[in-house]
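Take a look at the structure below.

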Amino acid sequence: MACRESWRTFELYDAGAIREMSLSLGQSPPATVAVVGASRGIGLAFARAYAADGARVHALCRDPRQAADISGVTGDVTVHRLDVAVPQESASVARSIGEPIDIYIHNAGIYGPDDAEPIDAEAWAQVMQVNVIGALKCAEAFRPLVAAGKRKLMVFLTSRMGSIGDNRSGGSIIYRSSKAALNAAVKSLALDAAGQGICACVMHPGWVRTEMGGLSAPLSPEASVANMRRVIARLGSADSGRFWNHDGAELPW
Ligand SMILES: NC(=O)c1ccc[n+]([C@@H]2O[C@H](COP(=O)([O-])OP(=O)(O)OC[C@H]3O[C@@H](n4cnc5c(N)ncnc54)[C@H](OP(=O)(O)O)[C@@H]3O)[C@@H](O)[C@H]2O)c1
C-alpha cells in the first residue's frame, strides 16, 4: 500500500517516465490494467484513475471514434476497438495486446428495455449477448494474459439487481436475469481458474450517475471507482468467486 501511494509523488512526470524510473530503481512498475467498456461512465473513470496512478492502461471501446473522452486521458493509455457482442473480436484484440495483464476489469454492459408485454425477445437476447456471452468470451480470451500477470485479478461489473437473494421489488426482468447469469458464470470461472492463481469476482458499483444510472444516482463515477479500487487493491485468491459491493461488503447471490 505504501508502495502504491509513493507513485503519487511522481505526478509531475508522465506515465512512461514513471515506468522508466521505477525500472531503473529496481522497483516493480505500476500495474498493467485492461478496462473493457472504457468509453464513458464507470469504465472511463476506471481508466482515468489507473492512468493517473501510473499504470499502463489498455482501454477497450466499442467504437473508439465515438469515444473522445478516453482519447483525452493522459498517461500510458492505449485505446483498442472491441465490441463484446462480436464473439471473435475479443480473441484478436487479446492477441494484439499480447502482454501480461495484472488487473482485468470487465465493465461493458447494457440495461436493455424495461419490462413490457409482450416480452421483447430480440432485445433480451441482445442484453444476454453483451452482458453474459460477451463477458465470458472476453474472459476466455484474456485469461491467459491475466494468468501471466502479477495480480491475476478479473473483476466483472455486475449489479445488485442481479442478486436473486436481494430481489424484493421485482421488475427489470431482462437486466436482472442477465446480471444473475453473469454472476453464475463468473462463479464457475473463479473455480475453473483457481488452479492458475486467478481471482475472479463480480462487483456492484453502487448506484452511479452515468447514462445507465441517471442523474438522480447518489454516487459520481469517480467516487464509485475510488471505492472499488480500494476493494480491488486488497483482493486475493481467498476473495475469488464472491459478490462484492463497492464498499467492500459481501452481497448475497
Ligand atoms: N450506473 C449504475 O448505477 C450501475 C449500477 C449497477 C451496475 N452497473 C454496471 O456497471 C457497468 C458500467 O455501467 P455505466 O453506468 O458506466 O453504464 P454506461 O454509462 O451506460 O456505460 C456503459 C459502457 O459499456 C460499453 N458497452 C456497451 N455495450 C458494449 C459492447 N457491445 N462492447 C463494448 N462496450 C460496450 C459502453 O460503450 P459505448 O459508449 O460504445 O456504448 C460504455 O462504455 C455496467 O456493466 C452496468 O451494468 C451500473
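Which handedness does the crossing of α3 and α8 have? The crossing of α3 and α8 is right-handed. Keep in mind that this is a predicted model.

**The chain as a whole**

The secondary structure of the chain consists of eight helices and seven strands. The chain has 253 residues, and 42% of them count as buried. Now take the contacts between residues at least 6 apart in sequence. Of these, 63% join residues at least 24 apart.

| Helix pair | Axis distance | Crossing angle |
|---|---|---|
| α6 (residues 121–147) and α7 (residues 173–192) | within 9 Å | roughly 20 degrees |
| α5 (residues 87–97) and α6 | within 8 Å | roughly 15 degrees |
| α3 and α8 (residues 221–234) | 9 Å | about 60 degrees |

Start with α3 and α8. These helices pack at an angle of about 60 degrees. That makes α3 oblique to α8. On the α3 side, the contact is made by G41, I42, A45, F46 and A49. On the α8 side, P221, E222, S224, V225 and R229 take part. By class, this contact of α3 with α8 has six nonpolar, two polar and two charged residues.

Next come α6 and α7. Their axes cross at roughly 20 degrees. Angles under 35 degrees count as roughly parallel. So α6 and α7 are roughly parallel to each other. The crossing of α6 past α7 is right-handed. Which residues of α6 meet α7? They are A123, W124, V127, M128, N131, V132, A135, L136 and A139. Their partners in α7 are I174, Y175, S178, K179, A181, L182, A185 and L189. The contact of α6 with α7 divides into 14 nonpolar, two polar and one charged residues.

Helix α6 also packs with α5. Here the axes cross at roughly 15 degrees. These two helices, α5 and α6, are therefore roughly parallel to each other as well. Their crossing is right-handed. From α5, the contact takes P87, S90, A91, A94 and I97. From α6, it takes K137, C138, A141, F142 and L145. The residues of the contact of α5 with α6 are eight nonpolar, one polar and one charged.

**Around the ligand**

Which residues come nearest to the ligand? There are 29 residues around the ligand, and G41, R62, G109, T210 and G213 come nearest. Helix α3 (residues 41–52) gives the largest share of this shell, with three residues. G41 has a place in two parts of this report: G41 is among the nearest residues to the ligand, and G41 is also part of the contact between α3 and α8. By class, the shell holds 14 nonpolar, ten polar and five charged residues.

**Two buried residues**

L153 sits in strand β5 (residues 153–157). Is L153 buried or exposed? L153 has 25 C-beta neighbours inside 10 Å, so L153 counts as buried. Leaving out residues up to four places away in sequence, L153 touches D102, I103, Y104, C199, I232 and L235. One of these, C199, is 46 residues from L153 in sequence. In space, the C-alpha atoms of L153 and C199 are 5.0 Å apart.

R143 lies in helix α6. R143 has 21 C-beta neighbours inside 10 Å and therefore counts as buried. Its contacts, apart from neighbours within four places in sequence, are A193 and I198. R143 and L153 are ten residues apart in sequence. Their C-alpha atoms are 9.5 Å apart in space.

**Backbone details in the loops**

Where is P118? P118 is in the loop between β4 (103–106) and α6. The peptide bond from E117 to P118 is cis, with omega near 0 degrees.

K152 belongs to the loop between α6 and β5. K152 is not a glycine, yet its phi is positive, at about 55 degrees. K152 is buried, because 24 other C-beta atoms lie within 10 Å.

S172 is in the loop between β5 and α7. S172 is not a glycine either, and has a positive phi of about 50 degrees. With 19 other C-beta atoms within 10 Å, S172 is partly exposed.

Note on methods:
Residues numbered from 1 in each chain as written. Predicted model: local features only at pLDDT ≥ 70, side-chain atom pairs only at ≥ 80, totals over all residues. Near = placed C-beta within 6 Å. Helix = DSSP H or I, 4+ residues; strand = E, 2+ residues; numbered from the N terminus. Nonpolar A, V, L, I, M, F, W, Y, C, P; charged D, E, K, R; others polar. Buried ≥ 20, exposed ≤ 12 C-beta atoms within 10 Å, placed from the backbone. Contact = placed C-beta atoms within 7 Å. Axes fitted to C-alpha atoms, helices over the stretch in contact; angles between N-to-C directions. Parallel < 35°, antiparallel > 145°, perpendicular 65-115°, else oblique. Left-handed = near helix turned anticlockwise from the far one by under 90°.
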